[in-house]
Amino acid sequence: MENDILLKGTGASPGIVIGKALIVENGRPDFTHYRLSSEKEIREETAALHKAIEDSKAQLTKTKKEISKKKIFEAQYIIDTHILILQDKILCNDVVKRIRSEKVDAAWALKSTMEELKKSVLSLSDDYMRERVSDLDYIERRLLQNLAGKKVDDVPKVTEKSIIISNDLSPADTAILNVAEVLGFVIECGGKTSHTAIMARALKIPSVVGLKDVLTKVKNGDTVIVDGTHGVIIVNPDAEMLRKYNQKKAQHEEFEKRLLQYRDLAAESVDGYKISLLANIEIVEEVGSVIDYGADGIGLFRTEFLYLNKKELPSEDELFEIFKKTVQTVAPRPVTIRTLDIGGDKFISHIDVAEEMNPVMGLRAIRFCLKETVIFKTQLRAILRASAFGNTKIMFPMISCVDEVLQIKKILREVKAQLKKEKKPFNADIPIGIMVEVPSSATIADLLAKEVNFFSIGTNDLIQYLLAIDRVNEQVSYLYEPLHPAVLRLLRRIIQAAHDNGIPVAMCGEMAGESSYIPILLGLGIDELSMNPIAILEAKKVLRSMDYKQCREVVDQLFAFTTAEGIKKFLNRQKKNYLPKNGLSLKI
Ligand code: PEP
Ligand code: MG
């Protein structure tokens, strides 16, 4: 049929759903802008702005109260941030100044001020920070609607199963939707780290984001297929397309159901070799998935989200409560908490961090923490205190030399002594580990292994630095190759150095969750794999189909090859040996 339209965006939350579209449009009211000609008009416009700010704060506070019953914590945090932005005196004063100096109406002054602010945020090179423009958009839209006297706190009515199509959903909108009736989200703006994407993943609702102009292509009641795994939607599919996707959906559900059988089975190869499969998480809401997918624990808790998008730094007690809750929920399984991987381009709004030419090679992660020791010590105290409530480990990112580890250990000793003095309980023998993700630390892995209790390889950064490929630059992404002989040689070196010194090695970069690489990683001798919780069941399935001894033999032979292509061809030829129970069509 000619009518069906296929649109490609970014898959934000996996799965396939088919349903009727419900448009939730968050428009900006139209204004006729005008120049002010008297002091009286200036005063009126200033008062209108103040009233719009107060009304917006009251509406958001009310929404926050409503959603607190639903326990969607992430949304509550985000609404708090929006309230804080509204309370920002500098923002308000800037608009007032503009009303007076440029003699323009409040809406006009607000738009110009926000435009400048958004431009400066957009110039940052970090994806996550750029997406924070959406926070400014929500605030601007709400203020404009209040200035126009529009009623803005209407909850979109979702009374039957629907696919929500929107230009942009604020966290407040998303949280007050009746999520039980939401089949999927399709959003014009945003990427994988937009608020809607984060919440959709936490709620396990298939979603596609970044679909520009989708509102001009979909109407209320249209039938829409959302393929959140591949980032595609199809509007008004013909019978053939519907049949195809219903089949795909059934296959996907069947696949998930079959995978679920693996949930409680051991992570063990055909010949009885066991490893741990752990989860990477970024927000506390994901802890549920860790349990649902049968992970052996959390191998990487990225703590950046607790700091980004906040006006104030989180306090020790706030951090402690989050870590304690996580550790207690996952117990007796381990939780590895990574200290703050921030700095460079990921800035904390009220701390001055210099602009850098090469932020990924700048003052980030451990380098930032060793400079900002107050922030670092606060986080260490919170992690240590949480360690009294369950199996907790600390991991440090971006280590590039032994000196850094020595400095960390000194600080850790001070923090422990202080806690002891305060009679606050903690695990005095808490294991400490480092991320091996900089080529220098991989090269001196033998020296570093003597200083710590475990390694975790961060392939996302390691491959970026080793192969000199910016991990967010699409122009060079064709060069990103985990099977590059240099990568395999370095992995072998790190693992060997760790084992020679009697410590285990995990991997927590994206490579660990790619099922086709699992036999190779096992063959290289990796002890633990940590990945997106969704990937765990498939990883277990692969593991239970492979022969560990054969993997080791096959991997030994990889080092004779000079190209990734040659390695792939060889692996494909050998598959029947190292994957004897291969009902799998693993593609290398
Ligand atoms: C990595 O670099 O592989 C890693 C896991 O850390 P991040 O992706 O958070 O930099
Ligand atoms: Mg990293």
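What follows treats the surroundings of the ligand and then a single helix.

This is a predicted model in which local features need pLDDT of at least 70 and side-chain atom pairs count only at pLDDT 80 or more, while totals for chains, interfaces and linings use all residues. Residues are numbered from 1 along each chain as its sequence is written, chains are lettered from A and ligands numbered from 1 in the order in which they are written, and side-chain values use heavy atoms, with hydrogens and water left out.

Ligand 1 is surrounded by 14 residues, of which R302, R338, G458, N460 and R471 are the closest; a residue is near a molecule if one of its heavy atoms lies within 4 Å of it. By class, the shell holds 3 nonpolar, 4 polar and 7 charged residues.

| Residue | Part of residue | Distance |
|---|---|---|
| R338 | side chain | 2.9 Å |
| D461 | side chain | 3.0 Å |
| G458 | backbone | 3.4 Å |

Taken alone, ligand 1 exposes 290 Å², and the protein buries 96% of that, the areas coming from the Shrake-Rupley method with a 1.4 Å probe. Two or more residues of the shell come from each of β10 (298-302) and α17 (459-467), and α17 gives the largest share, 3 residues; helices (H or I, at least four residues) and strands (E, at least two) are DSSP runs.

Helix α20 (residues 536-543) is largely enclosed by the rest of the structure, because 7 of its 8 residues are buried, that is, under 20% relative accessible area with a 1.4 Å probe and protein chains only. Its buried residues, among them K540 and K541, pack against α9 (239-260), β9 (276-281), α19 (518-524) and β16 (528-531), where contact means heavy atoms within 4.5 Å.

Methods. Polar contact = N/O pair within 3.5 Å; in protein donor to acceptor, adjacent residues only side chain to side chain. Nonpolar A, V, L, I, M, F, W, Y, C, P; charged D, E, K, R; others polar. Buried < 20%, exposed > 50% of the residue type's maximum accessible area, 1.4 Å probe, protein only.
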